[in-house]
Amino acid sequence: MKKAVLTFLLLLSCILTACVHGTGGENTGADFTPAPSDASEKSIEDFNNRFGMRYDGLAETEDAYYYLAYSGSYLYYFDKSTGDRGVLCSKPECLHDAYEDNEECGGYALTMGKSLNIWGGRLHFIAYSKANRKYALYSVNPDGTDRKLDTLLALDEMEAYGLPERYDYHRGILYGWNQIEKVRAGEPLVQTSVLSFDPSNGQMNRIYEIESSENYAVPIMFYYQQYVYFLLEKTAEEDGELFRTIELRRWNIDTATVEEVFTGKADPGIGSRFSFWVESEDRIYLMPRSVREGTKQMLYLLSGGELSELCEFGLRGSGYLSDNAALTFWTEDGEAQIEIRSFEGELVFEGSLDLKLVKDLRSNESDRIGFSSVILNGSDLIVCFNISGNEKTVFCPVKYDIQGSQEEAILLAEYAQSK
């Protein structure tokens with residue numbers, strides 16, 4: 001059964017992954033005069049939700065993986081056929097990331113929004129243009145050539161009070177969110193907004209906005225057909241018992257309206273906000289990103305307006321979702337454990353992952369090994385590790401082949417950030 005489910009996941013990966021590749025001219029440097037946007041004709045390409053889990057920027061073509069660390073300054077590539085990896089820069093004489101903030105490098109990104117997209121055969125990301133003193137949408141060919149500024153972003157007061165998080169490209173528009181602390185009539189509030197940006201002109205639209213003194217977690221987003229789903233949560237107490245209140249809504253692209261999907265509460269004992277995956281309009285899977293000690297990790301199903309328990313995991317870890325699969329992952333004392341189940345609850349894979357490659361990147365044995373994202377992409381499992389020491393933090397996505405040998409680990413990129 002394990003082999004059958006994995007084969008199914010691999011087929012889904014081949015079907016759903018955008019396989020695009022392009023070529024181009026010479027890299028032109030770090031700051032540019034705005035050029036006519038290639039995004040003026042909107043694409044109907046859908047966002048790859050597998051790469052929307054957590055903050056790291058990941059993208060894939062038929063030939064390569066691309067990586068932008070959630071706290072990073074360079075865009076990296078990994079060539080699938082040759083195993084070559086490095087900064088995505090077409091300048092042969094460039095020192096790339098040999099020192100921090102090399103603004104002359106073609107792969108220098110200094111990203112905000114933690115997102116990396118592919119459409120129209122080009123990679124797209126957000127960075128700051130010093131020449132224009134504005135944040136902007138940039139693009140580059142998958143081979144690192146012809147980097148250019150496409151569109152300046154109209155961010156109004158956000159540039160001073162709180163920049164957007166994420167810029168996910170779905171059917172011609174970029175989507176994201178932000179939270180800003182405000183004070184009204186002497187009361188501290190948090191404004192939570194779901195946003196859209198037109199990549200052809202940089203104009204912003206607030207899809208949804210709420211100001212509240214309650215402790216709302218940051219929105220979690222998912223893209224399905226003509227809908228942009230977003231989940232808001234908060235911790236509440238009832239009869240001395242803590243629980244999570246879930247508010248799931250969606251933006252209907254066709255009608256330009258916000259629609260209510262579900263409001264309810266999760267069982268007591270849930271430790272953190274949910275990830276979720278939309279299989280269809282009436283089958284939405286949810287999984288806590290972490291659970292409290294002494295409780296089990298659980299996969300939930302939202303169907304027919306009811307939230308129910310679907311299956312229980314043996315491993316208490318951080319929860320992630322992908323096509324027809326849910327997983328829980330945990331690292332402790334230099335060891336990594338993982339458990340993967342299908343949406344039907346069948347066990348797909350469980351065991352430990354080899355961390356020797358990650359441990360070898362430590363400066364000292366006391367450096368702490370953590371992780372920021374876990375992505376199941378067909379038979380590829382990608383774990384974005386971070387190694388925190390006294391002098392620097394190393395960000396390193398590592399790929400495992402869960403259909404082959406679980407001991408095989410391949411380093412996709414390595415980025416060091418001084419403290």
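Author: What follows takes the chain as a whole, then a sheet, then a strand pair. The model is predicted, so local features need pLDDT of at least 70 and side-chain atom pairs pLDDT 80 or more, while totals for chains, interfaces and linings use all residues. Residues are numbered from 1 along each chain as its sequence is written, and side-chain values use heavy atoms, with hydrogens and water left out.

Reader: How many helices and strands does the protein chain have?

Author: Helices (H or I, at least four residues) and strands (E, at least two) are DSSP runs, numbered from the N terminus. The protein chain has three helices and 29 strands. Of its 419 residues, 56% are buried (under 20% relative accessible area, 1.4 Å probe, protein chains only).

Reader: In what order do the strands of the open sheet lie?

Author: Strands of a sheet pair through backbone hydrogen bonds, either parallel or antiparallel. Here four strands run β17-β18-β19-β20, with antiparallel pairing. β17 (274-280) and β20 (306-312) are the edges; each has a single partner strand, so one side of each lacks a neighbour in the sheet. Pairing requires at least two DSSP bridges between two strands. β17 and β18 (residues 283-288) have six, and Ser 275 stands opposite Met 287 in β18.

Reader: How many bridges join β7 to β8?

Author: Four bridges join β7 (residues 134-140) to β8, and the two run antiparallel. Ala 136 has Leu 152 of β8 as its bridge partner. β8 (residues 148-152) is mostly covered, with four of its five residues buried.

Key:
Buried < 20%, exposed > 50% of the residue type's maximum accessible area, 1.4 Å probe, protein only.
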